[in-house]
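Here is a short report on one protein model.

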Amino acid sequence: MVYSSELLKGSVDTILLSLIAENPVYGYQIVRELEKKSQGYFVFKEGTLYPALRRLERKRLVISKWEDLQSGRKRRYYYITDQGSKFLKDKKAEWQGFSLAINLIAGLP
Amino acid sequence: MIADSWIERIRGLLELSSSQKEEVLCELSTHLEEEVEELERGGLSGEEASIKVVEALGSTEEIARELNQVYAHGSDKEAILASLPYFLSFLLFSLGLEENMGALIFAGGTVIVAVLVGRTARPPWVLTWMGYSFVLLFALGFLLWDIIFPLALAYGLLVISLFITKVISVVREDPYLIPLISVPPLIFGEWFLEGTPEFKPLTVLGFLALAVLCSIFIMGGRRAKLIVCLTQIFVLSLILGSVGTAGLWALPAITMACLVLREARVEQH
């Protein structure tokens, strides 16, 4: 299935916040979770995830914390903020109304 | 090797402060290494896995461009916060309230904001407030000078060393940020040394100019930051020149300009 990149761009914040809202996650985990949950539907350049996460952090919708791993590496975990939860709730309601209207107009079930 | 050169390409393209750059590269390196390891467990060779992961991560130019954009531009709120101390100074001096209780409350307020915000994180806008909080610390030294000279000397040296330590940490992070923290103490330090003379109207307007420049600095991209940074140093020189008579004020301004221009040259390369 092909989708417009503009459609994905407009939904990136909602998609990322939905994943982060479930559990604190790190970048690579987000890529894997996204692939699994969308059943391979969303394919994107993984590196572009990080500017999107930074944007969310700048908007104070998420915060990040570094954790040291036993391997000596460091992982940056993302946590949703109260502001982020509220934003996500609003976006979900907006999406629900929008998709319902599109389905009604297009005659989709 | 392939993964390392991908990271190095990104490093060369990022126009961020050194701490921001290290954080971004650390996060990307961890992603890259973990994905390579997973593919290797799936049976690919190290080189095959690296090629696949680098391909999945995408264009270094696109990622660096997006990251540079995200980091470069501060919000309207941050711009207002950064310029607020200068704007309040402009109001205090233009209304002749600099020796009023309001000035003391303002100075005390800058210390509280600088300590509270600077303790947990250090967004660039708080550097102006930190600079102003040093003004109060210096002012206390000048007050002590007339009362207990040896104590004032020890206190002065302590505050100066604390100020230099802060400036060095800012230089290490990003030399473009130096004027934000250094300009207020230099202006007021010179003002105290000259015996707090009345500011000329044009000097007072200098505070307004610095407020505008701070806002542009916070909101602008990297190139705008360089121009604003040098303009701030120029305005500082004009203000110091109009307040003092000694030529000593030129030294910190020239040092700042050199550091900033050096950083700009390094970035170009």
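## The cavity

Which residues line the largest cavity? From chain A come Tyr26(A), Gly27(A), Tyr28(A), Tyr50(A), Lys74(A), Arg75(A) and Arg76(A). From chain B come Glu27(B), Thr30(B), His31(B) and Glu34(B). A cavity here is a set of points on a 1 Å grid over the protein atoms alone, where a 1.4 Å probe fits but cannot get out; lining residues have an atom within 4 Å of a point.

The model is predicted: local features need pLDDT of at least 70, side-chain atom pairs count only at pLDDT 80 or more, and totals for chains, interfaces and linings use all residues. Residues are numbered from 1 along each chain as its sequence is written, chains are lettered from A in the order written, and side-chain values use heavy atoms, without hydrogens or water.

The search finds one cavity of 30 Å³ or more. α2(B) gives the largest share of the lining, four residues.

## Helix α2 of chain A

Helix α2 of chain A spans residues 27-37; helices are DSSP runs (H or I, at least four residues). Its buried residues (under 20% relative accessible area, 1.4 Å probe, protein chains only) are Gly27(A), Tyr28(A), Ile30(A), Val31(A) and Leu34(A). They cover an arc of only 160° around the axis, so they sit on the same side of α2(A). The arc is taken from the directions from the helix axis to the C-beta atoms.

## Cysteines

There are zero disulfides over all chains, a disulfide being a pair of cysteine sulfur atoms within 2.5 Å. The sulfur of Cys214(B) lies 10 Å from the closest cysteine sulfur, in Cys229(B), too far for a bond. Cys214(B) is buried, at 0% relative accessible area. Cys229(B) is buried, at 0%.

Conventions
Buried means under 20% relative accessible area, exposed over 50%, partly exposed in between (1.4 Å probe, protein chains only). Helices (H or I, at least four residues) and strands (E, at least two) are DSSP runs, numbered from the N terminus. On a 1 Å grid over the protein atoms alone, a cavity is a set of points where a 1.4 Å probe fits but cannot get out, and a pocket is an open set with protein on both sides within 12 Å along at least five of seven lines; lining residues have an atom within 4 Å of a point. Grid points are joined across faces, edges and corners, and a volume is the space filled by probe spheres set on the points.
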